[in-house]
Amino acid sequence: MKNLLFILLVSVVAFSCKKTDAPAPEPLPPATPAVDTTGTLNIDISHVVNNNPLLLSSTSYTNAHTDTFKVDLLKYYISNVQLITATGYTYTEAVSYYLVDHSNPSSLQLSIKKVPRANYNSVKFLIGIDSLHNVSGAQSGALDPANAMFWTWNSGYIMAKLEGTSNQSGDPTKKITFHLGGFYGTNSSVKTVYLTFPNAAIVSESHTPIVNTKAEIAQWFSNPNVINFATTYAVTTTNSSSKAIADNYASMFSITSVVN
Amino acid sequence: MRLVFTILLLSIISGCSVDPEIKPIIAADNIKEIIPDGWPTPYYNFSNNPLTPDGFILGRTLFYDPIFSSDNTISCGSCHQQFAAFANLAHDVSHGVNGLLGKRNTPALQNLNWNTSFAHDGGVTNLEFFPSVPITLPYEMNETINHVVLKISNSSKYKPLLIAAFGNDTVTSQRLFKALAQFTGTMYSFNSKYDQVKKGKDTYTPQEQIGYNLFVQKCATCHKEPLFSDYLFRNIGLSINPAYNDSGRAHITGNASDRFKFKTPSLRNIEKSAPYAHDGRYSSLTQLLSNHFTGTGGYAPTLDAQIQAGISLTTQEMNDIITFLNTLTDPTFLTDKRFSEN
């Protein structure tokens with residue numbers, strides 16, 4: 001770890017010391033990514049419900065089962081971000097763990113750093129945390145169990161959490177509670193997302209593209225599995241209900257635009 | 001070591017009358033990772049948690065500090081007592097804050113690095129994770145990790161300990177959990193009579209020898225030497241306790257085939273860690289052995305094949321086995337000052 005930090009530091013110093021030529025306004029796609037020059041790519045996430053911006057607690061939405069609901073809390077992990085070029089070159093971010101929390105605006109931008117200069121056409125990531133990091137001991141930062149995204153009694157991260165209320169909820173206090181975890185087996189809540197860009201994201205040391213990404217929260221409850229809040233209102237373990245919702249949220253993301 | 005020295009020095013400078021016999025902190029300079037001869041490779045090692053005397057001392061201080069509980073009354077050491085091999089003497093199930101009763105018996109803590117999972121149902125996959133369970137259970141310590149981090153950040157007692165262990169006094173849950181793992185992960189017990197006999201430095205009495213032979217024949221497939229556990233989950237036919245209806249391993253996996261299976265416990269220091277079984281239903285070894293293998297009254301569909309086939313023990317054989325089990329008591333471990341509250 002110390003060695004790694006040292007290497008990282010050295011590379012930061014090395015890169016920042018390098019005098020770069022004046023960047024061309026539209027960098028030409030290099031044949032192979034120039035790993036000696038790196039830049040940043042930002043993934044901006046906006047949460048919507050049935051295409052309307054998500055507002056916590058105040059606004060009522062309707063799910064595919066025509067139950068009405070409000071969202072009080074929305075948190076989930078994105079990890080293991082990879083960026084892929086047309087030629088198939090793949091940049092894998094080294095330490096890649098993001099806790100997206102709707103109530104914390106800064107968490108809605110994933111800033112992918114040290115990306116080798118290239119034109120990227122697609123992105124791949126996990127919703128949730130890879131199995132290794134579910135078992136490899138006490139972690140910090142986004143993975144600190146103090147973030148309340150960790151199951152203590154059945155070790156592992158809660159990959160995604162949505163809490164709110166619904167008049168149709170089977171719960172006596174009308175709550176809906178979805179804590180989706182489990183990192184192995186058929187009911188795993190970890191999902192791989194692969195999204196292609198409408199146009200290439202051009203990354204260079206002087207150019208930080210923004211990938212505008214939409215997360216449709218109604219998708220958690222609609223497709224392919226319609227969730228009925230009267231019967232499915234509290235999912236806090238890994239089972240067939242958590243699988244149904246995780247299979248749904250696997251396709252909640254779409255790219256709305258890539259701004260270079 | 002530096003820390004011990006500094007504290008000694010400080011106490012000398014400040015002129016308070018420290019009895020030279022009573023050191024403020026018991027040194028742990030000789031704490032190191034150990035794999036006794038002939039033991040398998042441990043499942044947890046310190047490669048991501050470099051073991052140091054100061055890390056161990058921080059871990060020990062935390063272990064005996066009630067700061068982890070919501071009302072600051074209960075420490076890890078309240079439930080895990082050294083003289084009971086860090087089990088809880090005479091408590092069938094755990095007693096937490098406000099006198100609340102838990103659902104499970106407090107197991108002995110020893111040789112934890114060889115455990116492939118923790119808790120009776122194996123729900124916890126890493127030694128470093130374990131403290132988050134008692135801290136957050138409402139009927140154990142009833143705290144939140146955030147609040148514990150805050151309380152420890154505000155405690156002047158921890159500043160020098162943190163600086164010694166980690167170079168600065170920043171408190172994170174990761175640091176607390178790693179320090180605790182340095183303490184719990186070095187609770188090695190490998191100096192029982194059994195170990196001495198294995199090394200050829202001692203011999204069994206005739207009865208112990210008979211007991212050992214019976215043990216190898218009837219018990220050792222599950223209670224596998226030298227750790228006395230295979231770390232697997234098995235239903236040994238205990239009747240279902242209606243007070244808890246604890247489905248054991250199935251609670252974690254959700255699989256019907258795991259219903260009422262529990263982790264095979266190690267039997268080291270078993271003489272000292274009564275009561276026995278996951279809900280502490282047996283107060284003595286005789287009681288346990290007379291009921292352990294009847295296979296009746298339990299949950300039949302997942303009953304272990306070996307128990308189904310039947311393990312018969314005469315009263316004499318039971319006594320012989322218990323005589324052998326007593327050779328697993330390790331007085332060095334039970335009295336090692338490095339593991340004591342001080």
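This is a predicted model: local features need pLDDT of at least 70, side-chain atom pairs count only at pLDDT 80 or more; totals for chains, interfaces and linings use all residues.
Q: Why is Ser169(A) called buried?
A: Its relative accessibility is 1%. Buried means under 20%, so Ser169(A) falls in that class. As for its place in the chain, Ser169(A) belongs to the loop that runs between strand S9 (156-165) and strand S10 (175-181) of chain A.

Q: Which residues is Ser169(A) in contact with, leaving aside its neighbours within four places in sequence?
A: They are Lys174(A), Lys175(A), Ile176(A), Phe229(A), Ala230(A) and Tyr233(A). With Tyr233(A), 64 residues away in sequence, the C-alpha to C-alpha distance is 5.8 Å. Contact here means heavy atoms within 4.5 Å.

Q: Why does Ser96(A) count as buried?
A: Ser96(A) has a relative accessible area of 1%. The class takes residues under 20%, and therefore Ser96(A) is in it. You will find Ser96(A) in the loop between strand S5 (90-92) and strand S6 (97-101) of chain A.

Q: What makes the pairing of the side chains of Ser96(A) and Glu93(A) a polar contact?
A: The two side chains are joined at 2.8 Å, and the limit is 3.5 Å, so the pair passes. The side chain of Ser96(A) also has a polar atom 2.9 Å from the backbone nitrogen of Val81(A).

Q: What is chain A built from, and how much of chain A is buried?
A: Chain A has three helices and 14 strands. Of its 260 residues, 48% are buried. Among contacts with a separation of 6 or more, 74% are between residues 24 or more positions apart.

Q: What makes Asp246(B) and Arg104(B) a salt bridge?
A: Their closest N and O atoms are 2.7 Å apart. A salt bridge needs an Arg or Lys side-chain nitrogen within 4 Å of an Asp or Glu carboxyl oxygen, so this pair meets the rule.

Q: How many salt bridges and polar contacts does the rule find across the interface of domain 1 of chain B and domain 2 of chain B?
A: The rule finds one salt bridge and eight residue pairs in polar contact. Chain B is divided into domain 1 (41-188) and domain 2 (193-332). The contact takes 27 residues from domain 1 of chain B and 22 residues from domain 2 of chain B. About 1900 Å² is buried between these domains. On the domain 1 side, Gln110(B), His120(B) and Asp121(B) lose the most area, together 26% of what that side buries.

Q: What links chain A and chain B, and how many salt bridges are counted between them?
A: The salt-bridge count is zero, but nine residue pairs are in polar contact across the interface. The contact involves 15 residues from chain A and 17 residues from chain B. The buried area is about 1500 Å², with carbon and sulfur atoms giving 53% of it. In chain A, the residues that lose the most area to chain B are Ala138(A), Thr152(A) and Trp153(A), together 35% of what that side buries.

Definitions and conventions
Residues are numbered from 1 along each chain as its sequence is written. Chains are lettered from A and ligands numbered from 1 in the order in which they are written. Side-chain values use heavy atoms; hydrogens and water are left out. Helices (H or I, at least four residues) and strands (E, at least two) are DSSP runs, numbered from the N terminus. Buried means under 20% relative accessible area, exposed over 50%, partly exposed in between (1.4 Å probe, protein chains only). Domain bounds come from an automatic or database domain assignment. Buried area is the accessible area (1.4 Å probe) that two parts lose on being put together, summed over both. A polar contact is a pair of N or O atoms within 3.5 Å; within protein, one must be able to donate a hydrogen and the other to accept it, and residues adjacent in sequence count only if both atoms are side-chain atoms.
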